[in-house]
Amino acid sequence: MSNVVIVTGGSRGIGAATCQLVAKAGNIVCVNYVSNIAAANDVVCAIEGEGGKAFCVKGDVGNNDDVIAMFKAADEYGTLTGLVNNAGIVDVKSRVDNFSPQRLERMMRVNVLGSFYCAREATLRMSNKYGGKGGSIVNITSAAATIGGAGQYVDYAASKGAIDTFTTGFAREVAQEGIRVNAVRPGIIDTQIHASGGEPDRLEKLVSTVPMKRAGTAMEVAQAIGWLLSDAASYVTGTTIDVTGGR
Ligand code: NAP
């Protein structure tokens, strides 16, 4: 059976770069997306154009039924050996005293519950407790979790703080079941997420605060994810790798 790796939010940004790298390592890649089918198809075509194998599955990670259906779809292609909990959202700049219940519910549902739903489905397939052969899970957190996002998006930062704790606890919970769980903490990375938070010029505004004085690329983050997924990281679990240019 071929090895399958699911990358949530694989259609754009860090997820798309990760899909390319994971395919080059010989895996069949499940490119998850929520709305941008053209971008997801572009990722699949680019992988196939280089001789790799990939397929895309539409699904909201914050919807339990969608997550179950996505994992079932991936089962048809081979054995699940990797999961990258990458799908994530921000929202427009706002203060805590102005957050609506709808905003908070969406932020936590996608960024936190989504990773839990996917982790559950991956564990049911990977854990040797359930007859699985093990695997590697990588959660994508953010430098925002350590600095708090004051005046901008404390809700987003807190959702990533939850992912940090989740990574530690979940890694210890399944450490004897053949599953490694780690996280990657990107800093300021050149993707469309900043425009979706209403700040297309965010990179230019913040780049002077980065010791390396530049934004990172999606592929620079993907390299760390790819290493954690690989057997080269066989004794690494419960760890977070900062990819922040020193910030
Ligand atoms: P991005 O360019 O905005 O891409 C987001 C991806 O997630 C897209 O593929 C999108 O799908 C997908 N997505 C959004 N909501 C989803 C949902 N509910 N269910 C499934 N997929 C969903 O984002 P990015 O910058 O690459 O960020 C990726 C991860 O890195 C996120 O967790 C983010 O918080 C984290 N991060 C990013 C930065 C940065 O500076 N870029 C820094 C720190 C952490 P569609 O194409 O269908 O919309």
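**Cysteines, sheet and pockets in a predicted model**

Let me open with Cys 19, whose sulfur lies 8.3 Å from the closest cysteine sulfur, that of Cys 30, which is too far for a bond. What I am showing is a predicted model, in which local features need pLDDT of at least 70 and side-chain atom pairs count only at pLDDT 80 or more, while totals for chains, interfaces and linings use all residues. Residues are numbered from 1 along each chain as its sequence is written, and side-chain values use heavy atoms, with hydrogens and water left out.

To stay with the cysteines for a moment, a disulfide is a covalent bond between the sulfur atoms of two cysteines, and the cut-off applied here is a pair of cysteine sulfur atoms within 2.5 Å. The sulfur of Cys 118 also has its closest cysteine sulfur in Cys 30, at 9.5 Å, and that too is too far for a bond. A search of the whole structure accordingly finds zero disulfides. Are Cys 19 and Cys 118 buried or exposed? Cys 19 is buried, with a relative accessible area of 0%, and Cys 118 is likewise buried at 0%, where buried means under 20% relative accessible area, exposed means over 50%, and partly exposed is in between, using a 1.4 Å probe and protein chains only.

Now to the sheet. Seven strands form an open sheet in the order S3-S2-S1-S4-S5-S6-S7, with parallel pairing; strands are DSSP runs of E with at least two residues, helices are runs of H or I with at least four, both numbered from the N terminus, and two strands pair if DSSP finds at least two bridges between them. The edge strands, each pairing on one side only, are S3, residues 53–58, and S7, residues 240–243. From one strand to the next the twist averages 20°, with axes being lines fitted to C-alpha atoms, for helices over the stretch in contact, and angles running from 0 to 180 degrees between N-to-C directions.

Within that sheet, S1 is largely enclosed by the rest of the structure, because four of its five residues are buried. S1 runs parallel to S4, joined by five bridges, and also parallel to S2, joined by four. Ile 6 stands opposite Leu 83 in S4 and opposite Cys 30 in S2, while Val 5 stands opposite Gly 82 in S4. S4 is itself mostly covered, with five of its seven residues buried, and four bridges join S4 to S5, again in parallel, with Asn 139 in S5 as the bridge partner of Asn 85.

Val 236 lies in the loop between H9 and S7 and is buried, with a relative accessible area of 19%. Val 236 and Val 181 are 55 residues apart in sequence, yet their C-alpha atoms are 8.3 Å apart in space.

Finally, the pockets. On a 1 Å grid over the protein atoms alone, a pocket is an open set of points with protein on both sides within 12 Å along at least five of seven lines, whereas a cavity is a set where a 1.4 Å probe fits but cannot get out, and lining residues have an atom within 4 Å of a point. Grid points are joined across faces, edges and corners, and a volume is the space filled by probe spheres set on the points.

The largest pocket has a volume of about 1100 Å³. Which residues lie nearest its centre? Of the 49 lining residues, these are Gly 88, Ile 89, Val 90, Ile 193 and Ser 196. Elements that each supply at least two lining residues include H1 (13–24), S2 (28–33) and H4 (101–126). By class, the lining has 20 nonpolar, 20 polar and nine charged residues, where Ala, Val, Leu, Ile, Met, Phe, Trp, Tyr, Cys and Pro count as nonpolar, Asp, Glu, Lys and Arg as charged, and the others, Gly among them, as polar.

The second largest pocket holds about 440 Å³ of space and is lined by 23 residues, with Asn 27, Thr 81, Leu 229, Ser 230 and Asp 231 nearest its centre. H9 gives the largest share of that lining, four residues, and the lining divides into seven nonpolar, 13 polar and three charged residues.
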